Amino acid sequence: MIRSLLIAGLFMATGTFSAQKLSTVSYQDGSQKLNGLVTSNAGKKLPGVLILPAWKGIDEEAKTAATELEKAGYIALIADIYGEGKLPTDNASSAKIAGFYKQNYEAYQKRISLALEQLKKSGALPEKIAVIGYCFGGTGALEAMRGNLPVVGVVSIHGGLAKDPTRANSLISTKILVEHPADDESVKPEDYAQLVSEMNKGKADWQIITYANSKHTFTNPESTNYNPVMAKRAWAHTMMFLKEILK
C-alpha cells in the first residue's frame with residue numbers, strides 16, 4: 001500500500017514538473033489576445049517547432065509533444081488559434097469554430113503566422129523552424145504549406161486533407177510529411193488524391209505514411225481510437241523528419 005502511494009506520488013510530481021516546463025506566452029491579433037504555451041528553453045538559440053493543436057484547442061497531446069520536443073533540443077510553442085475567451089466547450093462548438101477557420105483559410109494562415117513570429121521571439125532560429133499539427137492542426141500544417149509560410153517543413157498528423165478545388169495550386173517550398181490513418185472516415189479518397197496531385201504540381205518534397213488499423217485521432221491517448229503501436233511509430237517518424245530538416 002505504502003509502495004503504491006509512493007509510486008502514485010512520484011507520478012503526480014513528475015506530471016506537475018512536466019506541466020511546469022510550459023509557460024504561457026501572450027500575443028495579439030489586432031484586439032484579440034492569444035495565449036500560447038512555450039517550452040522552458042525559450043530564449044536559447046535553437047531550432048523551433050510550432051505545434052498546432054486539435055479542434056478543442058490546446059490539449060494534453062499538444063503539451064506532451066512540446067515537452068518531448070524540448071527534450072530533443074527544440075524550442076516548441078503551442079499556438080492559440082482561437083484566442084482568449086473563444087475556446088469551444090464541446091464537439092459541436094469545436095466543429096463550428098474549426099469549420100470557420102477551414103473555410104476562412106487566410107485567417108487560419110494569419111494566426112499561424114503570428115504564432116511563428118512569437119516562436120522566433122522565443123529564440124527559435126528563423127531558418128530552422130517546422131510546423132506539426134494534430135487533426136484540425138494537421139489541416140493547419142498543410143495551410144502553412146499552401147501559404148508558403150517561412151518554415152522548412154510541415155507534419156500533418158491525422159489532419160484534414162481537403163482543399164477547395166477552386167483554390168489555385170502553387171509551387172511548394174516546404175518539405176511535407178503526412179501521417180495518415182488508413183481507416184480515417186473523415187478523409188475522402190478524392191481529398192487524398194487531390195492532395196497528392198497538389199503536392200506533385202507544386203514540385204514538393206513530400207511523403208505520406210499510412211498507418212494500418214488506425215482511425216482518426218489514433219495518436220491521442222485520450223481518444224477511443226488510440227492505437228499505441230501506430231502512435232509510437234508516428235512519433236518516431238515525426239522525430240526522424242524533424243531531425244533531417246532542422247539539425
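## The second largest pocket

In this predicted model, the second largest pocket has a lining of 34 residues, and those that lie nearest its centre are W55, K102, C135, F136 and H216. Two or more lining residues are given by each of the helices α2 (60-71), α3 (91-103), α4 (105-121) and α5 (136-146), with α3 supplying the largest share, namely 4 residues.

The space in the second largest pocket comes to about 610 Å³. When the lining of this pocket is divided by residue class, 12 residues are nonpolar, 11 are polar and 11 are charged.

## Packing of α3 against α4

Two packed helices are described by the angle between their axes and the distance between the axes. For α3 and α4, the axes come within 4 Å and cross at roughly 95°; since angles of 65 to 115 degrees count as roughly perpendicular, α3 and α4 are therefore roughly perpendicular to each other.

On the α3 side, Y101, K102 and Q103 take part in the contact, where they meet Y105, A107, Y108 and R111 of α4. The residues of this contact between α3 and α4 comprise 4 nonpolar, 1 polar and 2 charged. K102, which belongs to the contact with α4, is also one of the residues that lie nearest the centre of the second largest pocket.

## Packing of α4 against α5

The helices α4 and α5 pack with their axes 9 Å apart and at an angle of about 90°, so that they too are roughly perpendicular to each other. From α4 the contact draws on Y105, Y108, Q109 and I112, while α5 contributes F136, G137, T139, G140, E143, A144 and R146. Sorted by class, the contact of α4 with α5 holds 5 nonpolar, 4 polar and 2 charged residues.

## Salt bridges

Side chains of opposite charge can pair when their charged atoms come close. The count in this model is 11 salt bridges, including one between R111 and D29, in which the closest N and O atoms are 2.7 Å apart. Because R111 lies in helix α4 and D29 in strand β1 (residues 22-29), this pair ties together parts that are 82 residues apart in sequence.

Key: Residues are numbered from 1 along each chain as its sequence is written. This is a predicted model: local features need pLDDT of at least 70, side-chain atom pairs count only at pLDDT 80 or more; totals for chains, interfaces and linings use all residues. Side-chain values use heavy atoms; hydrogens and water are left out. On a 1 Å grid over the protein atoms alone, a cavity is a set of points where a 1.4 Å probe fits but cannot get out, and a pocket is an open set with protein on both sides within 12 Å along at least five of seven lines; lining residues have an atom within 4 Å of a point. Grid points are joined across faces, edges and corners, and a volume is the space filled by probe spheres set on the points. Ala, Val, Leu, Ile, Met, Phe, Trp, Tyr, Cys and Pro count as nonpolar, Asp, Glu, Lys and Arg as charged, and the others, Gly among them, as polar. Axes are lines fitted to C-alpha atoms, for helices over the stretch in contact, and angles run from 0 to 180 degrees between N-to-C directions. Angles under 35 degrees count as roughly parallel, over 145 as roughly antiparallel, 65 to 115 as roughly perpendicular and the rest as oblique. Contact means heavy atoms within 4.5 Å. A salt bridge is a side-chain nitrogen of Lys or Arg within 4 Å of a carboxyl oxygen of Asp or Glu.
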